[in-house]
Amino acid sequence: MTVTTPKGYTAFSADTIKGYISGIDELAERVGGDQDQMETVEIGDGNLNLVFIVKGPVGSMIIKQALPYVRLVGESWPLPLKRSYFEYHALTRQARTSTSGARVPQVYRFDEAKALIAMEYLADHIILRKGLIAGIEYPKIARDLGLFMAETLFRTSDLHMETARKKQDVALFSDNVELCDITENLVFTDPYHDAEMNSWTSPQLDRLALALRQDRDLKVAVQVMKQKFTSSSQALVHGDLHSGSVMVTQDDTQVIDPEFAFYGPMGFDTGALFANYLLAYFSQDGHAGKPGERDDYQEWLLTTIIDTWQVFEDRFRALWRSERDGILYPRALFEDQDDAPGAEQALTHTLRALFCDTLGFAGAKMIRRLVGLAHVEDMGSIEDPDLRARCEANALSMGRELLVGRDLFSSMNGVCEVARRIRMEGTRL
Ligand code: SR1
Ligand code: MG
């Protein structure tokens, strides 16, 4: 892969970012003071980018800057800087379309040449994944994320958008090639063959990890989901909606990091979120100080999954009735012919397909975090490898059930029942 680094790009350090900010009036005014009064720290712990907190006498901000390579792997894996362009455009669209649930940070400035976004610093928030590992309940999270997903997905879909605007936007995001390529490989392909960057808790999970490669039903199922990922432009998806892409307080929820955004299948976002709740669920047994200590919390996680889907579905239904003014299911065919029940039938069909996609993508997203590249801290922070492997094995079983059996579930309650059963029975290593 050749990466063209724009003229004028340099990766900043915690020190050099001060000079950049003081040279741009709108940013300098926001933090106040001069360079000597600025406090900066680089806090990026994700897989790809630099992230600076900048504080001054007047205010603060985050500067997120893309690196020309994958931070997790190093310079041997070049990655174009243009991902910040897609993140910026996704943030502006999510700010517009998400009107009643989770919000996105306010953008102060996008600098394409420097591949950076200056945005709101959410000083009181923590990353949701950290909160889930600590066993903290968030009373508003199901509502906020259910609404966020329903609104951002519905309002960027053919159910709401008119044809020219939709096609223009699909064209814009279709250039996010390299990040889609990462997902195509890391989520849908690498876990199922001997890919160089795969890893798992070894030797404990060796048998299960190798068994994936012989599991024909699973390989077919994951390729069916991959085809949806590569060829369906249903809506502008966040593209990486895991619990590390959500920041929370007890009463506020913000969604961050949409650099993987593109027009893809709606279920890819809903599936990603539920996958991460389920990974959190199975990891809790590794965080409990004594057996059973996290039982209540695990039930809270399952309730959150059920509630989130309920909120999502309710809001999607409401939008279908009030904002279905795009390309698909025109009112001319239904309500205008006195056939409102026909529109309701189409809605039921649409939600059913979306539910099955959600489960299929959730399964794929779980499995990749257990045996592929880029695992999750929920599991990684369990120090005892035997205990960690037992949690991961249960999560692998759940991932398989969801992928292969996605069309057999009739409700999120049923999904949660299977999660409980897998946890109680325990997966044989
Ligand atoms: C090489 S990037 C690895 C992962 O980090 C991001 O969070 C995405 O999930 C990607 O797959
Ligand atoms: Mg990210």
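1. Two strands pair if DSSP finds at least two bridges between them, and strands (E, at least two residues) as well as helices (H or I, at least four) are DSSP runs numbered from the N terminus. On that basis, Ile-126 sits opposite Val-248 in E10. E8 and strand E10 (residues 246-248) run antiparallel, joined by two bridges.

2. Quick housekeeping: this is a predicted model, with local features needing pLDDT of at least 70 and side-chain atom pairs counted only at pLDDT 80 or more, while totals for chains, interfaces and linings use all residues. Residues are numbered from 1 along each chain as its sequence is written, and side-chain values use heavy atoms, leaving out hydrogens and water.

3. Back to the sheet: it's open, has three strands in the order E8-E10-E11, and pairs antiparallel. Strand E8 (126-127) and strand E11 (253-255) are the edges, each pairing on one side only.

4. The chain splits into domain 1 (16-119) and domain 2 (126-425), with bounds from an automatic or database domain assignment. Their C-alpha centres are 26 Å apart. For contacts (heavy atoms within 4.5 Å), 30 residues of domain 1 meet 35 residues of domain 2.

5. What about charges across that boundary? There are seven salt bridges between domain 1 and domain 2, each a side-chain nitrogen of Lys or Arg within 4 Å of a carboxyl oxygen of Asp or Glu. Take Asp-257 with Lys-64: the closest N and O atoms of this salt bridge are 2.6 Å apart. Helix H3 (residues 83-97) gives the largest share of domain 1's side touching domain 2, eleven residues.

Definitions and conventions:
Chains are lettered from A and ligands numbered from 1 in the order in which they are written.
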